[in-house]
Amino acid sequence: VLACEGGRLVFRSRYLLAIVALVGIYEIVSQLLDYQFTATVVHFVTGATGEHFATVFAITNIVALVVQFFVTANVMSRFGVKTALLVMPTLILGASGLFLLMPIRLIGSSLNTVDNGLNYSINQSARESLYTPLSRDEKYKAKAFIDMFLYRTAKVVAIGVALLLGVCVGEEFTTVRLLSFLTIALAVAWIFIARYAGNQFRALSEDS
């Protein structure tokens, strides 16, 4: 019953559907970036891939902590939720563009840091803030539906994309590089949806 009520609320609201789109696009983009990152390490690093992965993951965790403690609150309080929502897709757009032009180890490794370092800090905080001006039912029923069903559906779709990449793209690094065209297109769509969600958030906050 809760799932049905939550689903009805979600599919009747453009604002909630925008949140769903933000979740779905992120999951697919994350899989693409992870695929490119892994392919970059395999292509350029020989004999010490484990050490390189460990180094990148450590840097990513440090970035996530620094952004969460020193950047997230400042951006959201000074510039608003809309700006906070735009930080990650804008940086992904830039990083993917750089990787398309210069597919080198440093830029390929930075894709992981931009992805996980920002998602677990500013992106997650900004996305969760989108629920604050909603009604009680929307906050709990619709959010539960998104978290329990649509989020997991997005995960499954993203994993399917990753498996499809493994079959279609293979290990040809030139082809892996060209996946940036897709991440760039998704990042642009992400930016437009984030702008819409940010504007709606401000309007709903002013009304409430």
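1. Phe37 is buried in this predicted model, because its relative accessibility of 1% falls under the 20% cut-off. The ring of Phe37 pairs with that of Phe53: the centres lie 5.4 Å apart and the planes meet at 85°, so the arrangement is edge-to-face. This pair links distant parts of the chain, with Phe37 in helix α2 (residues 14–44) and Phe53 in helix α3 (residues 49–78), 16 residues apart.

2. Helix α2, which carries Phe37, has 31 residues, and its first and last C-alpha atoms are 44 Å apart, close to the 45 Å expected at 1.5 Å a residue. The N-terminal end of α2 is capped by Ser13, a side-chain oxygen of which lies 3.3 Å from the backbone nitrogen of Tyr15.

3. How many aromatic pairs does the structure hold? The number is six. One of them joins Phe11 and Phe145, edge-to-face, at 6.2 Å centre to centre and with 75° between the planes. Here too the pair links distant parts of the chain: Phe11 belongs to helix α1 (residues 2–11) and Phe145 to helix α6 (residues 136–168), 134 residues apart. Phe11 is exposed, with a relative accessible area of 54%, whereas Phe145 is buried, with a relative accessible area of 11%. Ring pairs also bring Phe149 into a cluster with Phe11 and Phe145.

4. A contact of another kind concerns Tyr131. Lys143 lies over the face of the Tyr131 ring, at 5.2 Å from the ring centre.

5. Helix α4 (residues 81–101) has 21 residues and reaches 31 Å from its first C-alpha to its last, close to the 30 Å expected at 1.5 Å a residue. The span should be read together with a bend of about 30° at Val87, which is followed within four residues by a proline, Pro89. The buried residues of α4 include Leu85, Leu86, Met88, Pro89, Ile92, Phe99 and Leu100. Also buried in α4 are, among others, Ala84, Ala95, Ser96 and Gly97. Against which elements do the buried residues of α4 pack? The partners are α2, α3, α5, α7 and α8 (180–207).

6. Leu100, one of the buried residues of α4, is 76 residues from Val176 in sequence, yet the two C-alpha atoms are 9.5 Å apart in space. Val176 is located in helix α7 (residues 173–178). Its relative accessibility is 1%, and Val176 therefore counts as buried.

7. Helix α5 (residues 105–129) has 25 residues, which at 1.5 Å a residue should span 36 Å; the end C-alpha atoms are 35 Å apart, in agreement with that value.

8. Leaving aside residues up to four places away in sequence, Thr113 touches Val56, Ile59, Thr60, Val63 and Leu118. An α-helix has 3.6 residues a turn, so residues three or four places apart point the same way.

Conventions: Residues are numbered from 1 along each chain as its sequence is written. This is a predicted model: local features need pLDDT of at least 70, side-chain atom pairs count only at pLDDT 80 or more; totals for chains, interfaces and linings use all residues. Side-chain values use heavy atoms; hydrogens and water are left out. Rings of Phe, Tyr and Trp (its six-membered ring) pair if their centres lie within 6.5 Å; planes under 30 degrees apart count as stacked, over 60 as edge-to-face and the rest as tilted. Helices (H or I, at least four residues) and strands (E, at least two) are DSSP runs, numbered from the N terminus. Buried means under 20% relative accessible area, exposed over 50%, partly exposed in between (1.4 Å probe, protein chains only). A charge sits over a ring if NZ of Lys or CZ of Arg is within 6 Å of the ring centre and within 35 degrees of the ring normal. The expected span of a helix is 1.5 Å times one less than its number of residues. A polar contact is a pair of N or O atoms within 3.5 Å; within protein, one must be able to donate a hydrogen and the other to accept it, and residues adjacent in sequence count only if both atoms are side-chain atoms. The bend at a residue is the angle between axes fitted to the seven residues ending there and the seven starting there. Contact means heavy atoms within 4.5 Å.
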